[in-house]
Amino acid sequence: MSTFAEEVREIAARYPDSLSAMLPALRLAQERHGWLPPEAFREVADALGLTPAYCQAVASFYDMYHLAPVGRHMVEVCTNLSCALVGAQRVVEAFEQELGVRAGETTEDGAITFRAVECLGGCGYATVVSIDERYRQNVGPDDVAAIVEELRARG
Amino acid sequence: MPAADILLKGADERDLTKLVEYRAIGGYSSWEKARGMTPEQLIEDFMTSNLRGRGGAGFPMGRKASLIDRASGRPTYLVVNADESEPGAFKDREVMARVPHRLIEGCLISAHAIESRHVFIYIRGEYLAEFEILAGAVEEARAAGLFGEIDIVVHRGAGAYICGEETALLDSLEGRRGQPRPRPPFPPVQGLYGMPTQINNVSTIASVPSIIELGAAEWAKIGPEKSPGTAIFSISGNVERPGNYELVLGTTMRELIYDFAGGVPNGRQLKAIIPGGSSVPALTPDQLDVPLDYDSVQAAGSFFGSASLIVVDDRCCMVQLALRAAKFYMHESCGKCTPCREGTRWQVQLLEKIEAGDAELRDLELLGSVGSGILGKSLCALGDFAVYPVQSYMQKWPDEFRAHVERRACPFGGNSSIEGILAPSDQHTATVPA
Amino acid sequence: MSSPELVTITIDGIQLQVPKGLGLVEAAAYAGIEIPVFCYEPRLGPPVGACRMCLCEVAPGPPKPQAACTLTAADGMEVKTAATSAMAAEAQNATLEFILVNHPLDCPVCDKGGECPLQDLTFRWGPANTRMEFPKRTFEKPIPISPTIALDRERCILCYRCTRFSESVAEDGQLVALNRGAQSMIATFEDEAYRAPFSGNVIELCPVGALTSTQYRFEARPWEIQDVPTVCGLCPVGCNVAATTREGKVKRIISRNHPEVDQGWLCDKGRFAFSHLYASDRVTDPLSKVGKRRFEELEWEEALDEVERLARAAQGRVLLALSGTETCEQAAGLARLVREGFGSEAVVFPEETSATLDPFRLPLSAIGHAQVVVVLGDDRVVDRAPIVDLWLRAARRAGAEIVTLGPEERPAGSAPETVRELAAEGSELGKRLRDAERAVVIWSGPGGRGGALVAELAHALGFAGKPGSGAFYLPSTPNARGVREAWGEGEPRRPDRIGLLLVSGDEAAADPRVRELAGQADAVVAITMFADPVREWVDVVLPGTSYLEREGTYVNLEGRPQRLRRSVIPPAPDELAWIAKLGERFGVEIDPWVSPPLEEHAPLPERAAAPERVAPTAPTPPTAKGGPLRLVRYRPLFSGPAVERIPELQFQRPEAEIELSPQDAEIRGLTGGETVTVSSNGSSVQLRARVNRKLVAGAVRAAEEHVRGLAGGAVEVTR
Ligand SMILES: Cc1cc2nc3c(=O)[nH]c(=O)nc-3n(C[C@H](O)[C@H](O)[C@H](O)COP(=O)(O)O)c2cc1C
Ligand code: SF4
Ligand code: FES
């Protein structure tokens with residue numbers, strides 16, 4: 001009946017223990033809801049035979065799960081050492097200007113959530129910006145306006 | 001020393017993400033050969049090669065394999081650590097994106113050596129593109145019938161640096177909060193699902209096919225006797241040509257920074273070299289001739305770590321750099337053990353006070369004492385990682401720390417290269433306005 | 001069993017021999033040395049090494065302090081604690097300082113104050129003043145995580161004892177840690193109540209004042225209290241407890257770890273239901289009926305006169321109805337009074353009992369070590385004998401095969417057939433039970449003939465010759481065996497006319513069978529704690545007492561006699577006192593004082609000799625043939641006269657619902673959540689439907705309290 005539960009059980013079948021499907025199941029639930037509302041934890045719990053509390057405990061440990069609603073697009077700028085040394089803060093400032101929000105906030109229209117994040121593993125190509133989980137590398141403050149325009153065009 | 005060509009061999013000329021291309025340069029022939037060998041022979045070869053773990057600790061890979069209990073009849077597992085989240089490190093990503101089949105081939109050989117039927121590659125969640133390439137290559141190799149009885153699952157993490165620590169990785173892979181386990185029992189005895197488990201870094205496993213190809217004894221002759229082989233060095237920060245360079249171990253920092261990466265740009269002065277990712281103590285320009293191998297870097301007072309150099313020029317305020325690093329480790333502390341959870345937070349509070357010019361000299365002392373309260377006492381090494389940068393910057397640039405107290409402000413007067421650097425956004429707080 | 005290998009280790013210069021593999025914390029305790037711990041608690045599973053309080057210098061080992069709690073004794077090991085090692089002392093001081101960095105200094109107003117391990121340690125070697133001058137981590141003020149438990153997150157030291165209990169002992173998965181790092185905190189899902197049968201244990205596990213009892217908050221300070229060692233009297237397990245009393249009142253119940261019985265865990269009924277002692281309808285004086293619902297108080301002598309008069313008027317036609325909550329001594333007193341004084345042999349027992357299980361006796365802890373366990377019967381184990389549920393979970397975690405054959409696996413009421421199946425030659429499962437060195441069978445539900453059926457099975461499986469294998473029957477009352485044996489020989493009998501019905505205890509008074517008998521009796525005398533339920537049908541009420549107010553003996557489901565102690569003085573003389581007085585009037589001498597010669601942690605009596613042969617019981621015809629659905633009525637853990645009177649426990653009581661199998665729901669076009677009519681023999685009740693995916697078709701399940709109005713066991717469910 002529920003394709004979600006079936007999908008989860010299919011993933012679970014690849015592991016010696018179905019609990020290992022937890023992270024993929026949470027990711028799947030997040031794709032369906034946009035974030036992880038309480039009912040998402042109930043769905044994951046049902047599919048894996050766990051409690052919603054347990055699923056929430058796991059999700060809240062990891063940075064990539066959203067426990068509150070986020071914008072339709074996610075813009076994340078690495079602000080760790082290597083990016084910082086070559087000017088990540090200028091990129092952050094440019095995004096803040098362009099979007100009219102501070103890091104950690106979502107634009108009024110709910111379109112874009114903007115975050116400053118820890119090292120994305122692109123230190124040699126600073127500044128690294130992750131846009132909906134796709135990396136843009138060697139981003140400078142001058143590239144920001146075009147990126148935002150592109151996102152806005154996507155809706 | 002010239003650039004080396006083992007891990008990334010062929011990748012400049014061909015698209016080695018494709019199976020045909022990889023096979024065209026002899027790919028998977030090591031696996032064919034290894035299949036005809038016994039696990040004992042393979043482990044013997046690993047030992048002879050003296051391949052040391054590229055994930056940080058430099059533990060001999062063959063020794064680890066020899067510790068696996070293969071006789072008990074219980075399943076054994078091979079887990080590949082592709083969590084690469086250490087600031088400064090981006091080498092494993094290069095392996096997965098450009099030579100995924102070499103990693104897969106290494107997995108098959110290593111799994112055969114410990115008689116494992118299950119390989120899990122735990123890749124950090126942020127590496128989406130690399131995941132897609134690797135998962136695609138796994139499918140292609142499986143479809144080509146290369147796996148035999150072995151299965152490989154590529155498992156995505158979800159954003160937690162601690163999951164690079166091997167036992168936290170196991171908990172995460174099992175579907176839990178990724179928190180480290182006490183050791184003993186060590187993973188070769190009781191690892192994934194409680195079974196004997198071998199855990200190695202991506203670059204370690206990707207080195208394995210070349211050992212079979214060249215012969216272990218020949219392989220062992222590459223580079224220094226005690227740290228043979230090549231590594232992909234990630235270099236970033238204030239250099240002209242940052243990026244990944246595959247070099248023989250033992251290449252000096254000077255060669256890497258100046259000959260390969262083009263030195264410090266814009267005529268600035270070199271100030272600090274962080275040789276193994278942000279978690280290790282910084283070295284100073286007078287140490288430029290230190291060879292990059294496990295023992296030499298350690299003898300120089302730091303760690304080889306993840307073969308990732310962060311180069312810092314003279315525009316950077318070391319207090320700010322310490323604060324930024326400290327914030328990272330506070331953010332990533334898993335919260336399980338007391339010294340790390342509480343100590344990393346306290347360290348940040350003290351550094352913020354110092355950086356703001358609000359501190360007294362006794363706060364510097366306190367910072368040192370908080371650090372030694374963490375060092376060596378936490379459940380895993382993350383606690384130590386949070387302290388090494390802070391304490392080494394304090395030791396090597398004491399004047400900068402004192403100046404913040406004495407002048408009640410940053411001596412760089414707002415012109416430090418990382419001025420205004422941000423902490424990461426708080427976990428989970430980005431909400432749509434009501 | 002072979003004796004364990006001994007190894008020689010040195011702790012703070014003291015050389016000692018300990019079994020190889022013994023935890024270092026325990027080994028040190030052997031030598032009289034304390035290694036401080038917070039997170040370490042072996043009952044919660046393998047050590048986690050989280051708090052780092054136990055850091056010691058250990059050789060051989062890396063040149064840094066080691067968490068002693070995660071290490072076990074090996075030959076030649078040398079351990080130095082903070083007493084002899086500067087390294088260990090520095091490490092432990094650092095840990096303690098870190099723990100205190102975010103811990104409020106509100107000990108004077110904290111409930112844990114005075115019995116707090118953290119306070120003790122700080123006092124002994126903690127830093128004199130804090131070097132931490134930044135704002136401490138702040139959280140919302142104490143929040144209720146259930147009506148019985150409050151959580152003060154600021155005091156939490158994140159030892160994860162509570163969440164480990166929830167995850168790996170009770171396995172309820174409800175109390176968890178959220179977030180990461182310094183933001184970690186203990187929580188339930190979306191602040192919903194922690195609703196689980198064993199939740200209260202986290203209060204005792206918490207080493208600080210973070211998790212506290214809402215009942216006990218601000219009620220007493222440790223130096224004002226007295227802990228009376230006794231035994232819980234609310235179910236047949238008989239957990240060993242201590243009643244904390246202050247100024248003559250019970251303030252809380254805590255565990256008193258009997259490793260063979262309860263391992264230090266309590267269910268929430270046993271922990272929180274004590275305050276029924278102070279219920280508003282508690283009977284404190286004898287009452288006599290005047291008018292339809294009115295009672296008037298009697299002087300004790302008047303009351304005894306009245307009972308004497310009624311007993312004499314009954315001319316031997318006296319019927320005694322027992323609850324199974326009486327102490328053995330009390331039941332024996334009643335037996336002599338009724339038999340020798342009133343001249344009657346008539347008695348109604350609360351349930352059937354049987355001595356046939358005695359040759360298969362095992363301590364409950366044996367379940368935890370079993371290799372194969374089979375649970376038969378229609379009731380959930382947790383409803384009848386909650387702690388047994390925890391032993392079963394422990395066994396499963398240890399790798400045992402646990403097979404439950406209840407109405408989620410087989411047709412309701414089919415347990416007797418299952419016994420025959422398992423006993424038969426061809427049964428695979430029967431063979432595994434036979435072959436295992438440590439196998440256990442458990443009967444959880446009605447229809448088990450007081451244990452005779454499961455004893456028959458145990459006999460057939462050859463358990464008599466296997467000291468590691470045994471059988472349990474889960475009675476529905478705490479002391480049914482003791483009460484039955486106190487009555488002595490003779491089958492229960494019933495007079496054709498009832499001159500006087502003597503109802504002993506609130507449970508008997510709530511039993512529908514007893515209510516029916518009362519309708520036939522000329523007079524009814526009830527001994528109850530509470531007046532409301534008996535108001536309409538009883539002539540005289542004599543005040544009853546609780547298990548917390550009596551001296552005496554209970555025999556638990558293992559067959560273990562355990563001592564109840566009077567924790568507080570009851571508001572009226574206890575039963576035995578006036579039974580003795582009444583006895584005098586009939587020329588029967590009954591001893592009003594009891595002091596059973598039992599140890600604090602009572603041992604289990606030896607197994608009885610097994611009979612040569614056991615004649616198989618005649619097959620019972622299924623009682624509810626013909627009806628389309630068979631109703632499984634269960635008595636929920638959270639039910640009964642005590643629980644009904646505890647406001648904080650109401651959230652634990654089951655919903656007014658009927659569970660249906662998906663097949664039965666579908667045939668009838670019913671969906672979960674809707675209101676349905678459950679009818680039987682012309683009677684009916686309205687309940688909410690719940691589809692239980694696991695229930696087998698043909699069975700429906702409801703709590704007894706919700707289907708009391710229904711006659712019969714065959715029901716139909718309609719919209
Ligand atoms: C906090 C922490 C983070 C780590 N992160 C990584 C990582 O991202 N990748 C990795 O390979 N090893 C990482 N390690 C090291 C692993 O624990 C482990 O030693 C390594 O995966 C073993 O592989 P190797 O022997 O091939 O180096 C980390 C260790 C710690 C303490
Ligand atoms: S609430 Fe108590 S038991 Fe739970 S983690 Fe905190 S301190 Fe430990
Ligand atoms: S008691 Fe050993 S770490 Fe907590």
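In this predicted model, Glu575(C) forms a salt bridge with Arg550(C), and the closest N and O atoms of the two are 3.6 Å apart. Because Glu575(C) belongs to helix 18 (residues 575–585) of chain C while Arg550(C) sits in the loop between strand 24 (540–543) and strand 25 (552–555) of chain C, the pair ties together parts that are 25 residues apart in sequence. Both partners are shielded from the surroundings by the cut-off used here, under 20% relative accessible area: Glu575(C) is buried at a relative accessible area of 4%, and Arg550(C) is counted as buried at 7%. Elsewhere in chain C, salt bridges that share partners join Glu408(C), Glu655(C), Glu657(C), Glu659(C), Arg688(C), Arg690(C) and Arg701(C) into one network.

## Salt bridges in the other chains

Over all chains the count comes to 98 salt bridges. One of them in chain A links Glu150(A) with Arg136(A), with the closest N and O atoms 2.7 Å apart. Glu150(A) lies in helix 7 (residues 144–154) of chain A and Arg136(A) in strand 5 of chain A, so this contact ties together parts that are 14 residues apart in sequence. Glu150(A) is partly exposed, with a relative accessible area of 33%, and Arg136(A) likewise counts as partly exposed, at 26% relative accessibility.

In chain B, a salt bridge is formed between Asp295(B) and Arg52(B), whose closest N and O atoms are 3.4 Å apart. Asp295(B) is found in helix 12 of chain B and Arg52(B) in the loop between helix 3 (39–49) and helix 4 (61–67) of chain B, so the pair ties together parts that are 243 residues apart in sequence.

| Acidic residue | Basic residue | Closest N and O atoms |
| Glu575(C) | Arg550(C) | 3.6 Å |
| Glu150(A) | Arg136(A) | 2.7 Å |
| Asp295(B) | Arg52(B) | 3.4 Å |

## A loop residue in chain B

Gly277(B) is placed in the loop that runs between strand 7 (270–274) and helix 12 (294–299) of chain B, and helix 12 of chain B is also the element that holds Asp295(B). Gly277(B) is buried, with a relative accessible area of 0%. Although Gly277(B) and Glu86(B) are 191 residues apart in sequence, their C-alpha atoms are 5.9 Å apart in space.

## Chain A: overall build and sheet

Chain A holds 7 helices and 5 strands, which follow one another along the sequence in the pattern α-α-α-α-β-α-α-β-β-β-β-α. The C-alpha trace of chain A spans about 50 × 35 × 25 Å along its principal axes, and buried residues make up 63% of the 155 residues in the chain.

The 5 strands of chain A form an open sheet of mixed pairing, in the order 2-3-1-4-5. Strand 2 (105–106) and strand 5 (134–136) of chain A stand at the edges with a single partner strand each, so one side of each is left without a neighbour in the sheet. Strand 5 of chain A is also the element that carries Arg136(A), the partner of Glu150(A) from helix 7 of chain A. Further inside the strand order, strand 1 (residues 73–78) and strand 4 (residues 129–131) of chain A pair in the antiparallel sense over 3 bridges, and here Val75(A) has Ile131(A), in strand 4 of chain A, as its bridge partner.

## Chain A: a negative patch

Glu6(A), Glu7(A), Glu10(A) and Glu31(A) form a negative surface patch. Helix 1 (residues 3–12) of chain A gives the most to this patch, with 3 residues, while Glu31(A) lies in helix 2 (residues 22–33) of chain A. Glu31(A) is exposed, with a relative accessible area of 59%.

## A hairpin in chain C

Strand 12 (residues 240–246) of chain C is joined to strand 13 of chain C by 6 bridges, and the two run antiparallel. They form a hairpin with 2 residues between them, and Glu247(C) in the turn has a positive phi of about 45 degrees. Within the pairing, Ala243(C) stands opposite Ile253(C) in strand 13 of chain C. In strand 13 (residues 249–255) of chain C, 6 of the 7 residues are buried, so the strand is largely enclosed by the rest of the structure.

Notes. Residues are numbered from 1 along each chain as its sequence is written. Chains are lettered from A and ligands numbered from 1 in the order in which they are written. This is a predicted model: local features need pLDDT of at least 70, side-chain atom pairs count only at pLDDT 80 or more; totals for chains, interfaces and linings use all residues. Side-chain values use heavy atoms; hydrogens and water are left out. Patches are made of residues with over 30% relative accessible area and no salt bridge: like charges are joined within 9 Å, nonpolar side chains (Val, Leu, Ile, Met, Phe, Trp, Tyr) within 5 Å. Accessible areas come from the Shrake-Rupley method with a 1.4 Å probe; for residues, only the protein chains shown count as cover. A salt bridge is a side-chain nitrogen of Lys or Arg within 4 Å of a carboxyl oxygen of Asp or Glu. Lys and Arg count as positive and Asp and Glu as negative; His and the chain ends are not counted. The place of a charge is taken as NZ of Lys, CZ of Arg, CG of Asp or CD of Glu. Helices (H or I, at least four residues) and strands (E, at least two) are DSSP runs, numbered from the N terminus. Buried means under 20% relative accessible area, exposed over 50%, partly exposed in between (1.4 Å probe, protein chains only). Two strands pair if DSSP finds at least two bridges between them.
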